[in-house]
Amino acid sequence: MRKLVFILSILFILNLHGQDRFTLEEALDYALQSHNAIKMAQLDVVAAEGQVKEYKAIGMPKLTASFKYQPYLLIPSTPTEDFLTPTIYGILAQEGLAEPFSGTPNIFEFTFNRMHNVFANLDFSVLLFDGSYLSGLKAAKLYRELEKQGITVEEQTIRSEVTRAYMNILIAEENKKILEKNIGNVHQALTETQAFYENGFVEQLDVDRLELSLQNLETEAEKMDRLIEISYNLLKYQMNYPLEEDIVITEDLGILVNRFKIMESQDMDVPVDFSMRAEYDQFLTSQALNELNITRLKRTSYPSLALSANLSQSLQREKLFDGNEVGWIDNAWLSLGLTLPIFDGNLRRGQLQQARVDYDRNEIRKEEFERSVTLQVSNVRKQWYNAINTLENRDRALAISEDIYNKTRIKFVEGVGSSVEVTQAESALYEAQANQISALYDLLIAKTELDIALGQL
C-alpha cells in the first residue's frame, strides 16, 4: 500500500509539472505574445511601413537602364517619288545640254532602317518640388503610427477578455469547493441520520430527504465540473493556448478579492483621463491625418518641378558584326519641367469638401467617445462600490446562515429539533452561499470593468 501511494504521488507530481501554471498576469502576458489578433495588428504595422516606403519613393531620384536588340525580319520602307531625275534634267536644260524632263517620275521604295538595331538607354528623373508630396509623406508616417496604436487597442481588448475568462474559472472553482463542502456535510448528516433511523429515533422520511439532498448536490457538482472545463477552454481560447493541453490557474481568490476591496486610492470625483484609453489616441491621430489630408489637397494647386535626363547609344547595321559600318551613335538630353495646374474641373474643391467632412465626423466621434467613457466610468465606479458593500453583507449573511444550520443540526441530533427546521436552515444556507458567490462574481467583474473603462487593465 505504501508503494502504491508513493507511485501515485509521483505520477500526480509529474502530471502537475506537465501542466502550465498561470497567474492572472502570466496568462495576460502569454496571450499578448501569442494571440493572433496581435500578430495581425503587427502585420498591419509592417504593411504601413511598406506604404511609407512606397510613397517616399515618389520623391526619390530614380535611375533605370535598358538594353534592346531589334532585328528586322522585313525592313520597312516608304514609297518615294524619284525627285533626282527631274532635277538633273532641269539643270541640264538650263545649260542647254538637254531637253527638259517630261513624263511621270518613277516611284521607288526608300528606307532609313538597317537590318540590325541595338539600343542602350540610361534614364534619370527626380522630383525637385511638389507641395502635396511633403504633406502626403507626413500623412503616410502618421498612418503608420495609427496602425501601431491599433496594437495597443487589441492588447486592451485581449486583456479584458482573458481577465473575464480567468475570473469565471476562479468563481466556478470556488463554487465547486462550496458544493464539495456541502456534499461532505450532507453525507455526514446522512450517516448519522441513518444510524438514528436504525435505532428508531427518526423516520424514514428524514433519511430520504437527506439522500435526495445529497443526490441533488452531487448532480450540481457534476454540472460544475463541466462548467469549469468549459471555462478553462474559454480561457485557453482567449490566450491562444493549445486547447488539447491542460493548464492550471494559481491566483488565490481570497487575496484577489481583498486587493479589489481597497478603495482608499479611488475617488469618485476624479476626472477621467481619456489619454489612458488606446482608442482615444486613435481619434487624435485620425484627426491629425485629416488635417494633413486637407493641407495636401490645398497644395495640389502649387506648381511642381521635375528634372529628367537621358543618355543613350544606338547601333544600326546591315551586318551586326561588320566593323566597317558605322559604330555606336551617342545621344543625351536634359529636361527641366514645370507643371502648373490651372483648372481641374473642380476636382480639388470636391476632394477638399469631403476631407473637411471627414474631419468634422471624426471630431463628433471623439466627443461622443468622451461622453460615453465618462458615463461608463461613473457607472462602473458606483457598481464597484455597490459590489463591495454587497459582498460584505453577503459574507455576514453567510456566516449567520452557517451558524444557524450548525445549531439546527445539533438540535436535530439531540432530539430537540425537527427535520423541517433542518431543511429550512439548509435551504437558507444554500441560498446564502449562492448569493455570496454571486457577490464575489459581481465584485471581480466590476473591478475588471472599471480597469477597462479607465484604461488601466
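Q: Why is N293 called partly exposed?
A: In this predicted model, N293 has a relative accessibility of 26%. The class covers values between the buried limit of under 20% and the exposed limit of over 50%, so N293 counts as partly exposed. The residue N293 belongs to helix 8, which spans residues 278-299. Its C-alpha atom is 9.1 Å from that of R356, although 63 residues separate N293 and R356 in sequence.

Q: What makes the pair K223 and E220 a salt bridge?
A: The closest N and O atoms of K223 and E220 are 3.5 Å apart. The criterion requires a side-chain nitrogen of Lys or Arg within 4 Å of a carboxyl oxygen of Asp or Glu; therefore the pair K223 and E220 qualifies as a salt bridge. Both residues lie in helix 6, three residues apart, which is about one turn of the helix.

Q: How are K223 and E220 classed by accessibility, and on what values?
A: K223 has a relative accessible area of 42%, and E220 has a relative accessibility of 36%.

Q: What makes R277 and E279 a salt bridge?
A: The N to O distance between the side chains of R277 and E279 is 3.2 Å. With a cut-off of 4 Å, the pair R277 and E279 therefore counts as a salt bridge.

Q: Is R277 buried or exposed, and what is the class of E279?
A: The relative accessibility of R277 is 7%; buried means under 20%, so R277 is buried. E279 has a relative accessible area of 22%, which lies between the limits of 20% and 50%, and E279 is therefore partly exposed.

Q: Why are E363 and K366 said to be separated by about one helical turn?
A: E363 and K366 are three residues apart in helix 9, residues 347-413, so about one helical turn separates them. E363 and K366 also form a salt bridge, with closest N and O atoms 3.5 Å apart.

Q: What accessibility classes apply to E363 and K366?
A: E363 has a relative accessible area of 24% and K366 has 12%. Since buried means under 20%, K366 is buried, whereas E363 is partly exposed.

Q: How many salt bridges does a search of the whole structure find, and which residues are linked in a network?
A: The search finds 15 salt bridges. K176, E180 and D225 are linked in a network of salt bridges.

Q: What makes D246 partly exposed?
A: D246 has a relative accessibility of 46%. Exposed would require over 50%, and buried under 20%; D246 therefore counts as partly exposed. D246 lies in the loop between helix 6 (204-239) and strand 6 (247-249). Together with D20, E244 and E245, D246 forms a negative surface patch.

Q: Which residues make the nonpolar surface patch?
A: F83, L84, I88, L92 and L97 make this patch of about 510 Å². One of them, L84, is found in helix 4, residues 84-94.

Q: Why is L253 called buried?
A: L253 has a relative accessibility of 9%. The limit is under 20%, so L253 is buried. L253 lies in helix 7, residues 253-261. Residues up to four places away in sequence not counted, L253 touches L170, E174, L440 and L444.

Q: Which residues are in contact with A432 and T448, leaving aside neighbours within four places in sequence?
A: A432 is in contact with A397, L398 and S401. T448 is in contact with T163, R164, M167 and L457.

Technical notes:
Residues numbered from 1 in each chain as written. Predicted model: local features only at pLDDT ≥ 70, side-chain atom pairs only at ≥ 80, totals over all residues. Heavy atoms only, no water. Patch = residues over 30% accessible without salt bridge, like charges linked within 9 Å, V, L, I, M, F, W, Y side chains within 5 Å. Areas by Shrake-Rupley, 256 points an atom, 1.4 Å probe, with all protein chains shown as cover. Lys, Arg positive; Asp, Glu negative; His and termini not counted. Charge placed at Lys NZ, Arg CZ, Asp CG, Glu CD. Helix = DSSP H or I, 4+ residues; strand = E, 2+ residues; numbered from the N terminus. Buried < 20%, exposed > 50% of the residue type's maximum accessible area, 1.4 Å probe, protein only. Contact = heavy atoms within 4.5 Å.
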